[in-house]
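Please open the model in a viewer and follow the selections below in order.

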Amino acid sequence: MRIRIIISFAIIIISTYGIHFFLMNTFRNADFGQYGKLNLLFEKTGDYDVVFFGSSRAAFHFNSVAIDSITGMSSCNMGIAATNDVISLGAINSYLSSCKIKPKALVVNFDFFLWDDPSIDSIRNELRFFPYLHHKDLCYSLSELDRFFLRYKYLKPLAFAKFNDFYYYECYRVLTGKKIARDNEFKQKGFQKVPFEKAINFKNKSTEGNSIVSKRQLNAVERIFATASNQGLKLVPVITPVHSSYTLSKIDSLMLNKLYDLCNQYNVDCLNYLNKEICSNPSNFFDQIHLNSKGRKIFDKAFSEALITLINN
């Protein structure tokens, strides 16, 4: 009886690992939608001249195809929506460890005004990262924010406790190639278009309360600068446009100065698009911190011209 129990238990464990491998491999072979983009970053060996990293303000603002048409270079948008600088660090290191050719420019959008957001150290939509935990740099960054990610990597049956109906539906979609409207947000070469256009009501950002700046985010930002310097890469820090109604607090200003201090320390130029003319027109924005298609075209043109100058210098 004991032998039967042991054999049965072993079969269950082996089957669980097999199913897990099958599901994760399914996502890693997707070529459209969210996983199509993540696979560009984590599963392909890129050879781009310029690579963009950051959160949604990178994913939505850098149209690689449009920028390439102006600069004559080859770029790819690796920005991941709803993330933070800790995850960006893991993504950057993962890409650099597998790319064929080091990029001429590593463009990183820094959301310094969110470093004191109470939710900044959280991992949103964490299930999307499960297929890529074999990347040690990404897994390390995720485990900095949630120690359970190391358990999900090595004790794979635990991952099933996190799976939900939506995740299984996503697996069904990539298996069958069933595309939905949301997949159209993800464009060629990693660029992600804002999901819809809408008229919005702009409200002033609240500057009240005692904010605490995340040490994890600051540390990750410093490590991004150090990584670029150690690998001899041209880092291009960018602050993409924010609508003028989004008032920066005193802490935000201090964090902006912190970012500038790092730029001075590593002798790099920061492309800051705050307080530009584009920021005063609400018709350029999807919401207060994201441009819509009209505003993005204006920004991409101005950024492309600045990028050409930086790389030529």
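Two strands are said to pair if DSSP finds at least two bridges between them; strands (E, at least two residues) and helices (H or I, at least four) are DSSP runs, numbered from the N terminus. The model is a predicted one, in which local features need pLDDT of at least 70 and side-chain atom pairs count only at pLDDT 80 or more, while totals for chains, interfaces and linings use all residues. Residues are numbered from 1 along each chain as its sequence is written, and side-chain values use heavy atoms, with hydrogens and water left out.

Select strand β3, residues 105-109, together with strand β4, residues 234-239: they pair in the parallel sense over 5 bridges. Within this pairing, L106 stands opposite L235 of β4.

Now display the side chains of β3. In a regular strand, side chains alternate between the two faces of the sheet. A105, V107 and N109 point one way, and L106 and V108 the other way. Of the 5 residues in β3, 5 are buried (under 20% relative accessible area, with a 1.4 Å probe and protein chains only).

Finally, select helix α6, residues 136-145, and helix α9, residues 215-230. Their axes (lines fitted to C-alpha atoms over the stretch in contact, with angles from 0 to 180 degrees between N-to-C directions) come within 11 Å and cross at roughly 160 degrees. The two helices are therefore roughly antiparallel (over 145 degrees). Contact, meaning heavy atoms within 4.5 Å, is made by Y140, E144 and L145 of α6 and R216, Q217 and R223 of α9.

Definitions and conventions:
Angles under 35 degrees count as roughly parallel, over 145 as roughly antiparallel, 65 to 115 as roughly perpendicular and the rest as oblique. Buried means under 20% relative accessible area, exposed over 50%, partly exposed in between (1.4 Å probe, protein chains only).
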